[in-house]
Amino acid sequence: MSRTKAERLTSRMVKVSSIALCMALFLAAAVTGTLAWLTSNPGAVNNTFTVGSVGVEVEEEWDGATKSNVVVTNTGDIPAYIRAAIVVYFEDDAGNVVGIAPQLGTDYTLSLATDDDPNPSNWLEGADGFYYYKLPVDPDTSTDVLIKSATQLTDGDEYHLVIHVLASAIQSLPANAVEESWGVTIENGVLTPGTGGQG
């Protein structure tokens, strides 16, 4: 039984239409899947960056006549290099600085950990008058003792002796920040005071 030309043409059109319909469905599924993939948001990833804080606190023992075992504690949350200045002056009862310079050995004694100590100290005296702790100090950790003891020898009626330790710190990394700020050298994590000193 032979088919007519019209039947064959109709049969081809049905096949072409079926193929076109399948292609259209396939493309629609592909586009929908692609759009779903492109717009899918499984949830944002939040990276929170916080700035490290640097802080120091001077801790000491005081018995009313002698200051002793003075250390500096890193109160920040990152390792830091620490330096300290020892300022000695007379002060009256009102808290005013008296214009007389105290004399070491006459007005007070001062025994530092850097003075001929049989146990090597990590404190080094710089040419700028600061004492530098040569290793970075971890958070919530203290330096070795800087001042072993300090005692007032003279007792003025109108004024008293003050031995004040002023400490500062800079985060240990990057090392060049410490070197540029303090005029020191850091090699393999060990700080060496400069010969001239900066701020």
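In what sense do S3 and strand S4 pair, and over how many bridges? They pair in the antiparallel sense, over two bridges. S4 covers residues 97-98. Two terms before I go on. Strands are DSSP runs of E with at least two residues, helices are runs of H or I with at least four, and both are numbered from the N terminus. Two strands pair if DSSP finds at least two bridges between them.

Now the ground rules. This is a predicted model, where local features need pLDDT of at least 70 and side-chain atom pairs count only at pLDDT 80 or more, while totals for chains, interfaces and linings use all residues. Residues are numbered from 1 along each chain as its sequence is written, and side-chain values use heavy atoms, with hydrogens and water left out.

Back to S3. S3 and S4 make a hairpin with four residues between them. In that turn, Gly95 has a positive phi of about 90°. Glu91 stands opposite Val97 in S4. Glu91 also stands opposite His160 in S9. With S9, S3 pairs in the antiparallel sense over 13 bridges. With S7, S3 is again antiparallel, over two bridges. There, Ala84 has Tyr131 as its bridge partner.

Step back to the whole chain. It has two helices and 11 strands. The order is α-β-β-β-β-β-β-β-β-β-α-β-β. Of its 199 residues, 26% count as buried. Buried means under 20% relative accessible area, exposed means over 50%, and partly exposed is in between, using a 1.4 Å probe and protein chains only. Next, contacts, meaning heavy atoms within 4.5 Å. Among contacts between residues at least 6 apart in sequence, 65% join residues at least 24 apart.

Now the inside. In soluble globular proteins, nonpolar side chains tend to be buried together. A nonpolar core here is a set of buried Ala, Val, Leu, Ile, Met, Phe, Trp, Tyr and Cys residues joined through side-chain atoms within 4.5 Å. Which residues of the largest core touch the most other members? They are Ile82, Ile86, Trp123, Tyr131, Leu146, Ile147 and Ile163, out of 19 residues in that core. Strands S2 (66-74), S3 (80-92), S5 (108-112), S7 (131-133), S8 (147-152) and S9 (159-171) each supply at least two residues. S3 gives the largest share, four residues.

Look at Ile147. Leave aside neighbours within four places in sequence, and Ile147 is in contact with residues including Ser68, Val70, Ile86, Leu110 and Ile163.

On to the rings. Rings of Phe, Tyr and Trp (its six-membered ring) pair if their centres lie within 6.5 Å; planes under 30 degrees apart count as stacked, over 60 as edge-to-face, and the rest as tilted. By this rule there are four aromatic pairs. One is Trp123 with Tyr133, edge-to-face, at 5.1 Å centre to centre and 70° between the planes. Trp123 is in strand S6 (residues 123-125) and Tyr133 is in S7, 10 residues apart. Both Trp123 and Tyr133 are buried. Phe130, Tyr132 and Trp182 form one aromatic cluster.

Val58 is in strand S1 (residues 56-62). Is Val58 buried, partly exposed or exposed? Val58 counts as partly exposed because its relative accessibility is 27%. Its C-alpha atom is 7.1 Å from that of Val165, 107 residues apart along the chain. Beyond neighbours within four places, Val58 is in contact with Val70, Val71, Val72, Val165 and Ala167.

Last stop, some backbone details. Where is Ser172? Ser172 lies in the loop between S9 and helix H2 (175-182). At 11% relative accessibility, Ser172 counts as buried. Pro174 is in that loop too, between S9 and H2. A cis peptide bond joins Leu173 and Pro174, with omega about 0°.

Two residues other than glycine have positive phi values to look at: Asn69, at about 50°, and Asp140, near 60°. Asn69 lies in strand S2, and at 35% relative accessibility Asn69 counts as partly exposed. Asp140 is in the loop between S7 and S8. Asp140 is exposed, so its figure is over the cut-off: 67% relative accessible area.

That's my tour. Thanks.
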